[in-house]
Amino acid sequence: MSEHPLGATYDDGAADFERLAPSLWNPMGNALVAAADIALGDRVLDACCGSGATTIPAAQFAGPDGEVHGVDLSGELLALAQAKADTLSLNSVQLAKADVTEWAAEAPYDAVLCAYAVFLLPDMDAAAAGLVSSLRSGGRFALSTWQEGAATQFNELLWKACRLERPDLAETAAHPAVENLSRLDSVEKLTAWLQGLGLQDVTVAPTPGRVQLSGSLAWSLVLGSTYRTLLPADPAAVERVRQAFLAELGDDFELNTDTLIATGVRP
């Protein structure tokens, strides 16, 4: 497959992405997998699986007779996920570098997971409908997304620093992910959206979170996520952004990671 811009972004930032795993991705990944109610022997799709924060616990719940497919655009993040699966001898894990919106499964899944990623899909509604269609009748769709207010101060300070070097950002339309997020960021909106996909027994659980960020870890969050697309191309300008941003953020910043964890059942 040709290189996808989003895959390249996460390839470049894979090591920084992984630095957030212990404090953010892993705890929330465990919570999402628990909500999905995965049973022994289940077939599971982890859509946009990243470095395996949901893939690994899903495989542990599904057991050796289960089958867990992790699909992501980033080969570097998949390599991290594979290393974790190998370390734990989780032979049920099968990873693929692919666009999940084009993923064709050989058989329906018992559960489909999507952690902090459905809002990154270009046509979110169509992509989510495709994921739901890959479930068997009675299968569970489980996702996590940011609740309204999450990372608000972090976002504002980063944009402020980036605009000093990139005045064009002030004129640039918001990334589609921002609009998508705004459609999912409350219990009421996310419930209605999932019901609109035809899912039943929808539950949405607010999951509060706070992560303490040193300056180094805060910058890793920028480099290890789609935030890095805001940065200027010139390395010297990037360094000026880093210094300005961290000066305002401080060296012990409390990041709001309030999350919504939702599940629904395909009729």
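This is a predicted model: local features need pLDDT of at least 70, side-chain atom pairs count only at pLDDT 80 or more; totals for chains, interfaces and linings use all residues.
Residues are numbered from 1 along each chain as its sequence is written, and side-chain values use heavy atoms, with hydrogens and water left out.

**View 1. Helix 10 against helix 11.** Helix 10 (residues 215-223) packs on helix 11 (residues 235-249) at about 125°, axes 10 Å apart. Helices here are DSSP runs (H or I, at least four residues), strands likewise (E, at least two), numbered from the N terminus. Axes are lines fitted to C-alpha atoms, for helices over the stretch in contact, with angles from 0 to 180 degrees between N-to-C directions. That angle makes helix 10 oblique to helix 11 (under 35 degrees is roughly parallel, over 145 roughly antiparallel, 65 to 115 roughly perpendicular, the rest oblique). Helix 10 brings Gly215, Ala218, Trp219 and Val222 to the contact, and among the helix 11 partners are Val238, Arg242 and Phe245 (contact means heavy atoms within 4.5 Å).

**View 2. Helix 7 against helix 11.** Helix 7 (residues 152-165) meets helix 11 at about 145°, with axes 9 Å apart. This crossing is right-handed. Residues at the contact include Phe154, Leu157 and Lys160 of helix 7, plus Ala237, Arg240 and Glu248 of helix 11. By class, that's 11 nonpolar, no polar and four charged (nonpolar: Ala, Val, Leu, Ile, Met, Phe, Trp, Tyr, Cys, Pro; charged: Asp, Glu, Lys, Arg; polar: the others, Gly among them).

View 3. Six of the eight residues of helix 4 (residues 55-62) are buried, so the rest of the structure largely encloses it (buried is under 20% relative accessible area, exposed over 50%, partly exposed in between; 1.4 Å probe, protein chains only). The buried set is Thr55, Ile56, Pro57, Ala58, Ala59 and Ala62. These pack against elements including helix 5 (75-87), strand 1 (43-47) and strand 4 (109-115). Just past the helix, Gly63 has a positive phi of about 75°.

**View 4. Helix 3 on helix 4.** The two pack at about 35°, axes 8 Å apart, in a right-handed crossing. Gly29, Asn30 and Val33 of helix 3 meet Pro57, Ala58 and Phe61 of helix 4.

Notes: A crossing is left-handed if the near helix is turned anticlockwise from the far one by less than a right angle, and right-handed if clockwise.
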